[in-house]
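These are my notebook entries on a structure that I looked through one topic at a time. The sequence and the structure come first, and the entries follow.

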Amino acid sequence: MADAVIVVTLLLTAACATAAVTQRDPARQALVLSVLGVVLAALFTVLQAPDVGLSQLAVGSALTPLLIMLSVRKTRRRGRSKEDRE
Amino acid sequence: MNGWILAATLALGGGGAAVLWGVTTGPPARRILAQNLATSAVCPALLLLSQGYGRPSYVDLALLLALLGPVGTLVFARLLSDDLAGERPSAWGLTWTAAGLGLAAVVAACAAAGPGRAMVKLLVIGVLLIAGNVIASRALAGGFRRVGGG
């Protein structure tokens, strides 16, 4: 019974990761990825590793989505200017 | 397994399932709202877990999440502003429900911790969580459009 919280968080993590893979648009993938980062931090806390959870929270909830969104924006702009030239 | 961990399990399971459903389906506006909701569902759960395991240092995770969660949402609101231009996502009922959940968790943890430094820390987390949630929701609803220039 005490493992119920671990099972719930593990299932949630697995579902989030699967959802992140099945999305087609990179921007939407980044949104699911940031949720995955938060859920993964909760999983680490439940497994009694809060130090790992802290770094996962910092990287997963804000930094990785920011990097992905910036690169998506840059590639979209480059694609658009190339279309304009042709 | 005590009542704190049971409550955290319920918050994680219910909130997590709702967030996952919202973030994988529907228009971009709804997805960003669901991403914002993830912070306000998991942060109270972390507070409850810290009480349940009897380890006050676990509260640091909730503090970091309350700080960084709204930052992540604002990043999306800024960089996806083209997709959000047509529709202004707002779900104030949901926002205030999430804020109420955070408030309930903070008050319960405060009551268990008793007066002292721990209680001040919990109150700071509560203020950060609710203020961040409301600011992110307001930014998504277009309240800061003139300021942000988006």
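**Entry 1: B:L47.** I counted 31 C-beta neighbours inside 10 Å of B:L47, so B:L47 is classed as buried. The classes I use are buried for 20 or more other C-beta atoms within 10 Å of a residue's own, exposed for 12 or fewer, and partly exposed in between, with C-beta atoms placed from the backbone. The model is a predicted one, in which local features need pLDDT of at least 70, side-chain atom pairs count only at pLDDT 80 or more, and totals for chains, interfaces and linings use all residues. Residues are numbered from 1 along each chain as its sequence is written, while chains are lettered from A and ligands numbered from 1 in the order in which they are written.

I located B:L47 in helix α2 (residues 28-53) of chain B. Helices here are DSSP runs (H or I, at least four residues), as are strands (E, at least two), numbered from the N terminus. Leaving out residues up to four places away in sequence, I found that B:L47 touches B:V59, B:A62, B:A105, B:V106, B:A109 and B:I125; contact requires C-beta atoms, placed from the backbone, within 7 Å. B:A62 is 15 residues from B:L47 in sequence, and their C-alpha atoms are 6.1 Å apart.

**Entry 2: B:L103.** I then turned to B:L103, which is found in helix α5 (residues 92-113) of chain B. Is B:L103 buried or partly exposed? I recorded B:L103 as partly exposed, because 15 other C-beta atoms lie within 10 Å. Its contacts, again without residues up to four places away in sequence, are B:G126 and B:I130. B:L103 and B:I130 are separated by 27 residues in sequence and by 7.7 Å between C-alpha atoms.

**Entry 3: where the chains meet.** I noted 34 residues of chain A in contact with 33 residues of chain B. On the chain A side, α1 (4-22), α2 (26-46) and α3 (50-85) each supply at least two residues. Which of them gives the most? I found that α2(A) does, with twelve residues. By class, the chain A side has 26 nonpolar, six polar and two charged residues. For this, Ala, Val, Leu, Ile, Met, Phe, Trp, Tyr, Cys and Pro count as nonpolar, Asp, Glu, Lys and Arg as charged, and the others, Gly among them, as polar.

The axes of α1(A) and helix α1 (residues 3-24) of chain B come within 9 Å and cross at roughly 10°. The two helices are therefore roughly parallel (an angle under 35 degrees). Among the residues in this contact are A:V8, A:L12 and A:C16 of α1(A) and B:L12, B:G16 and B:L20 of α1(B).

**Entry 4: α2(A).** I found 17 of the 21 residues of α2(A) buried, so this helix is largely enclosed by the rest of the structure. Just after α2(A), A:Q48 has a positive phi of about 65°.

**Entry 5: the UniProt record.** I read that the unreviewed entry for chain A gives "transmembrane region" for residues 29-47 and 54-72. Residues 29-47 of chain A are 95% helix, with end C-alpha atoms 26 Å apart.

Notes. Contact = placed C-beta atoms within 7 Å. Axes fitted to C-alpha atoms, helices over the stretch in contact; angles between N-to-C directions. Parallel < 35°, antiparallel > 145°, perpendicular 65-115°, else oblique. UniProt positions renumbered as here; feature names shortened; annotations may be inferred.
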